[in-house]
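Have a look at it first, and then we'll go through some of its parts.

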Amino acid sequence: MLLSHLTRNLRFNSGATWCRKFSRTVLALNDTKNVSKYAMFFDKRVQHILTDITGRDEEKIYRPRYRDTAKPTYRLVTDKELEKLKSDAEEKIQKTLQIPPVLDEKPDVNVILSKDEALAEHDQFNYVFTDISYNIPHEKRTVTVREKDGTLRLATNDEHKRMIQVYFPGEGRKHYMPNMFTEKHLERLLEEGEYEYILDRACVQFDPDETDYIRVTRRVYEYIADRSDFMKLYSTRHFGAAAFFLTVQKNIDSFIAVLINSNLLHSAKSLIDVYYMVHNQEQGLPKEWSNLSDEEAIMMFAKQEAKDGSRIELALQVYKENVEREMSS
Amino acid sequence: MAAPIKNVFSLLLRRNFGNSSINSRLSFIASSESRIIGNPYCLHNLKNVNFSQKRAATFFNKIDAENLWKGVVSVSAAGKKRGRGKRVGRKKVTDLNRGQVMGVGKANIEWPGLNSPIMKGKEVLRRKQLPPNPDYAAEIIRLRDSMSRIRHPGLSPLLRGFSGNRFPGQSVGPPDPIGDYSFEGFDTIVLEFKLVANMTGTLGRKQRFSAFVVTGNKNGLAGFGLGKSVKGKSAIRIAKNRAALQLRYINRFENHTVFHNMFEQNKSSKLYIYKKEKGHGLKCHRVISKICNLIGITDLHCKVEGSSANVQAITTAFFNALQKQETHQQLADRMNYHLVEQRAEHDWLPRVVASPSHNSVQEKSYRNEEDIDGSFERIYFDGKVHYQPQKRSPFWTKLKTWEKKCKNVAYQRNQPKAQILREAGLA
């Protein structure tokens, strides 16, 4: 039941909705001089690389994810029809593999609209007023709170979200945060290796710039980085997000080593591209970068930038030996 | 003083009745005045002594135990004809002595030489009163009760066959080993068990048991066999071993169902077999369900039309159908098209399960959507459709009062929705 909720919501949030919704906030951030590194997530080149390295493992994409069962259907098709089916499927797959944005925390709202002292002690409770008219995007919906002391202010992020959930309940989203996202239960789930489940449900429950979403997802990515368990997310929509987050954190040594072990050298080089784009925004890529082969580029990164370069070099060494062995046999 | 008098009485008694009065009971009733005073040795001193005899003439004394039990247990000839006294609940002859030990009774006394040894070491044991033992009597009653009624050992509901305590539907174990090969992992189920007869010149109507069984290893290997014998059990054994000689391998789709829908007929039993998704279960004739269990098919729907009572025809038809199945690769090769599968659990993403291996793919589209019989669902049905009777409408819809009621409430039918709209100010 929950799984189908997750996936349905996934479809609901699919397409460019997220990008459109949150790139706007990033643009606003761009105006200020203090540009966050996470803003690079919406850079077209970065997006392209992240979707590219996500991978298309058939086994993974065709894993049974939906609990509704129905009779399988079969069709006899020509080559042409098969092409059409595949291109339709590709669209669907792209939607399901769209990367949830990695964002900075949303700044909290602290706007006092008026202070009416005549209304002080008017009641025992705060009053919340929500604009529930149609055709307003939820983030623009006005929610105000009249406090007991007569102050009228805009609702905080948490209050805003709760009121939206009351009047426009999101499918699969709970009114209160599910227990699995508390620290105690989250650690247990991580030990069980349920990364995808946690991340999927976090996407349903939270908005990507919410404090809890950022806490939960970053904990998962860091846990995965400690265990070098990246391939569990391969060919899922969270692979690119994990890669981007760790790149911003300058913690991609183990990630690159795992990519080399899985013979994904080009992906490793692309990820290093993202690294330079995020951290060397002024200088750009190193000289003659595009002329370097994958192996050379990775080696250069290991020597110049990596925290744990020896690890990457070792992975590269093993890769080379394997290739030589295959060539000779 | 009393002892000599007793002697006199016994003498008197012996003279009057002799020792033969085994079946009669005697009692002496001495009146209150019959106190013996004076010289006890003088007979004439006995005054007012009355003797009266009590003879209990009941059938308990006349009829022996065997005949007594017969009266309770037997069923009349007419009753037997109707089948009385055969089933659970019939009274049985009870051995009332069962559980009783010589010398042990209500008063729990130890009698050396009877129910205990005489000597213990060098000491000679004496009679001894033990504390009462209430369990002894209860145990005797329990034993008696357990004998008095017939009890069939109950089969668990899963092992029980199609109906009651009968063979059809029951498991009878793997076939007998042939040489070194013991049929490990095999199981056999009786599908049909009946009396058959033929007329012979010498014996007249000669009856035998006929058993029709199916055996399989629940992993694609299965066979069926028919055995006949005068004895039921040996008929089953013969059938079982014959089935073991006719094993055949049945190709299954992902080890859980058939490759495609199909139709098969044997005699007048017509089978419409439908491929089903995982988790659907077996929804079919009980005979086919049992066969599927032994083959290892877990998801299937089958409709039996025509004769659904001819077990042998159904079984033959089902096995024939399974043998004739076409794999997806064979279909793609025959038609020269790609075969694309779409599943709900994969969000209906298309996956090519087979492509023509020898020829190139045809360019003309396989069919237009209106051609129902050309769909994969119906391609093996040869234009046949299983009969789906129309649902009957309930009897009360034909009554005049129902018609009247419909007319009366017709104007209200949209009101609940309209009410909401009115309250919202939208109508």
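A contact here means heavy atoms within 4.5 Å. With that in hand, take chain B: residues 24 or more positions apart account for 52% of its contacts with a separation of 6 or more.

A word on ground rules. This is a predicted model, in which local features need pLDDT of at least 70, side-chain atom pairs count only at pLDDT 80 or more, and totals for chains, interfaces and linings use all residues. Residues are numbered from 1 along each chain as its sequence is written, chains are lettered from A and ligands numbered from 1 in the order in which they are written, and side-chain values use heavy atoms, with hydrogens and water left out.

So how confident is the predictor? The model scores ipTM 0.74 and pTM 0.69. Chain B averages a pLDDT (the predictor's confidence in each residue, from 0 to 100) of 86, and 86% of its residues score at least 70. Two stretches of chain B have a pLDDT below 50: residues 1-6, with two contacts beyond near neighbours in sequence, and residues 15-38, with 24 such contacts.

Chain B holds 11 helices and 16 strands; these are DSSP runs numbered from the N terminus (helices H or I, at least four residues; strands E, at least two). Of its 427 residues, 30% count as buried, which is to say under 20% relative accessible area with a 1.4 Å probe, protein chains only.

| Helix | Buried residues |
|---|---|
| α6(A), residues 157-167 | His160(A), Lys161(A), Met163(A), Ile164(A), Gln165(A) |
| α13(A) | Ala297(A), Ile298(A), Met300(A), Phe301(A), Ala302(A) |

What covers them? For α6(A), the cover includes β3 (127-130), β4 (143-146) and α8 (195-205) of chain A. For α13(A), it includes α11 (253-261), α12 and α14 (309-328) of chain A.

Helix α12 (residues 265-279) of chain A packs against α13 (residues 294-304) of chain A at an angle of about 45°, with the axes 9 Å apart. Axes are lines fitted to C-alpha atoms, for helices over the stretch in contact, and angles run from 0 to 180 degrees between N-to-C directions. Among the residues making the contact are Ile272(A) and Tyr276(A) of α12(A) and Ile298(A) and Phe301(A) of α13(A).

Notes. Buried means under 20% relative accessible area, exposed over 50%, partly exposed in between (1.4 Å probe, protein chains only).
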